[in-house]
Amino acid sequence: MDFVAEEYEQRLAAVQQQLEKNGLPAVLLHQPENIRYVSGFYTTGYFTYHALLVPARGKPILIIRDLEEGAARNSAWVSDWTTYADVKVPLPAAIAAAVRALDQAGLAGSTIGLDYHSWYLTAERLDELKRQAPRVTFVQEPKIVDHLRLVKSKREVDVIRRAADAAKAAMQGGIDAVRSGVSERELAVATYSAMVMGGGELIDGVITSGERTIEPHGRFTDRRVQDGDPVYYELTGSAKWYVARLIRTTVNGKPTDAQQRIADAIMSVQDAGIERMQAGVVAGEVDQIFREGLLRSGVRKSYTNRSAYSIGLNFKPTAGEFIRELVPGADWTFQPGMVFHVLMFGQGIGFSETVLITENGPERLTTMERRLFART
């Protein structure tokens, strides 16, 4: 298992407390991060139907494809599960396993919370659930597990530190490989090799160069780096699928005065905002520091994207928890144990950090040197 039993016991107790508070006999979870958070279960095969039934009292029940029983035995503390096999028409068989779990838990005529916000509870799956369980009333649950995941335990923070170290190793590998004539594909080889050897799991990142640095989510191509090109990296270190993210930029040659001014402006504004990321501070106030500061600097004429977002246990294709975002008017407050990716970019140059909120202020978990790198 990813963590000791005590960690999972505390998580289950917190979920069940929230179920009682919201008057829900149970919740049926479909988001892979939430399933893993509560049960420990993990598979790369989450493209097929998997779910976790968490009752307000008693033990959870996993609903899995029978091919994944080995993964359940190795990764999950949950020992009860229902399974389904591959058949000609797969969806009814998969949903039947979920209905069996409801029956097994004595919830066939109950009101069950569903994670309607999950990308994995498709309209097709929901319709089939309602068809096969007509006595069950399905209601939207208030993102119980998503909110619990926002504040990390010490054990989780320790894992994110490892992810940050992997991101740093990958970044250094990528920067060291920059030279005239090298392809972005070759940069990817250097970057991801360093990531794996640095203890991280392999997650795609952004690797762009030259005119492609205006693509905020660009993947590597066969383009070759030219003299004077900026090379932009946004990399995700991952340990036990807890992530840390890091952006750095290097120039293939000596940076121009304009490039250096852009980098200095971004770092100055970003440092001021990070310093204000204190427990109890309203998020919109910090976003204003980031947003107005960058616009005043002239690096960008408009700033419409989020300036930071919470991260933690994240699978593809997510780049964050999508529940605590720094945008104009955000009225939530920072809490100790929250972790954020703080990012800022413009004109092909960018920087970011993974930041932990503590009782004593913000802590940068990504410890890589903060400067515009140059390969001369």
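The model is predicted, with local features requiring pLDDT of at least 70 and side-chain atom pairs counting only at pLDDT 80 or more, whereas totals for chains, interfaces and linings use all residues. Residues are numbered from 1 along each chain as its sequence is written, and side-chain values use heavy atoms, with hydrogens and water left out.

Helices (H or I, at least four residues) and strands (E, at least two) are DSSP runs numbered from the N terminus. An open sheet of six strands has the order β4-β3-β2-β1-β5-β6 and mixed pairing, where two strands pair if DSSP finds at least two bridges between them. Its edge strands, β4 (81-84) and β6 (137-140), each pair on one side only. On average, neighbouring strands of this sheet are turned by 25 degrees against each other, direction ignored. Axes here are lines fitted to C-alpha atoms, for helices over the stretch in contact, and angles run from 0 to 180 degrees between N-to-C directions. Strands of a sheet pair through backbone hydrogen bonds, either parallel or antiparallel.

Within this sheet, strand β2 (residues 51-55) and strand β3 (residues 61-65) run antiparallel and are joined by three bridges. The bridge partner of L53 is I61 in β3, and that of L52 is L62. The hairpin of β2 and β3 has five residues between the strands, and G58 in this hairpin takes a positive phi near 100 degrees. With β4, β3 pairs in the parallel sense over four bridges; I64 has T83 in β4 as its bridge partner. Together with helix α3 (residues 69-75), β3 and β4 make a right-handed β-α-β unit. A crossover is right-handed if, with the strands pointing away from the viewer, the path from the first strand over the helix to the second runs clockwise.

Five of the five residues of β3 are buried, so this strand is largely enclosed by the rest of the structure. Buried means under 20% relative accessible area, exposed over 50%, and partly exposed in between (1.4 Å probe, protein chains only). Both faces of β3 are covered, with I61, I63 and R65 buried on one side and L62 and I64 buried on the other.

Helix α4 (residues 90-104) packs on the sheet, where it touches β2, β3, β4, β5 (111-114) and β6, and its direction makes about 160 degrees with that of β4. Contact means heavy atoms within 4.5 Å. The axes of α4 and helix α5 (residues 123-132) come within 9 Å and cross at roughly 55 degrees. The two helices α4 and α5 are therefore oblique to each other; angles under 35 degrees count as roughly parallel, over 145 as roughly antiparallel, 65 to 115 as roughly perpendicular and the rest as oblique. The crossing of α4 past α5 is right-handed, a crossing being left-handed if the near helix is turned anticlockwise from the far one by less than a right angle, and right-handed if clockwise. At this contact, L91, P92, I95, A96, A98 and V99 of α4 meet E124, R125, E128, L129 and Q132 of α5.

Strand β13 (residues 349-358) is also largely enclosed by the rest of the structure, since ten of its ten residues are buried. On one side of β13 the buried residues are I349, F351, E353, V355 and I357, and on the other G350, S352, T354, L356 and T358. Eight bridges join β13 to strand β12 (residues 339-346), and the two run antiparallel. F340 stands opposite V355 in β13. The hairpin of β12 and β13 has two residues between the strands, and Q347 in the turn has a positive phi of about 55 degrees. Strand β14 (residues 361-364) pairs with β13 in the antiparallel sense over four bridges, with P362 in β14 as the bridge partner of I357. β13 and β14 likewise form a hairpin with two residues between them.

Several loop residues were also examined. W241, in the loop between β8 (230-239) and β9 (242-251), has phi near 65 degrees, a positive value in a residue other than glycine. W241 is buried, with a relative accessible area of 16%. In the loop between β10 and β11, F322 has a positive phi of about 55 degrees although it is not a glycine. F322 is partly exposed, with a relative accessible area of 41%. P317 lies in the loop between β10 (308-310) and β11 (325-326), and the peptide bond from K316 to P317 is cis, with omega near 0 degrees.

R179 lies in the loop between α7 (154-176) and α8 (184-197) and is partly exposed, with a relative accessible area of 45%. Leaving aside neighbours within four places in sequence, R179 is in contact with E186, V225 and N252. R179 and T376 are 197 residues apart in sequence and 8.4 Å apart in space, C-alpha to C-alpha.
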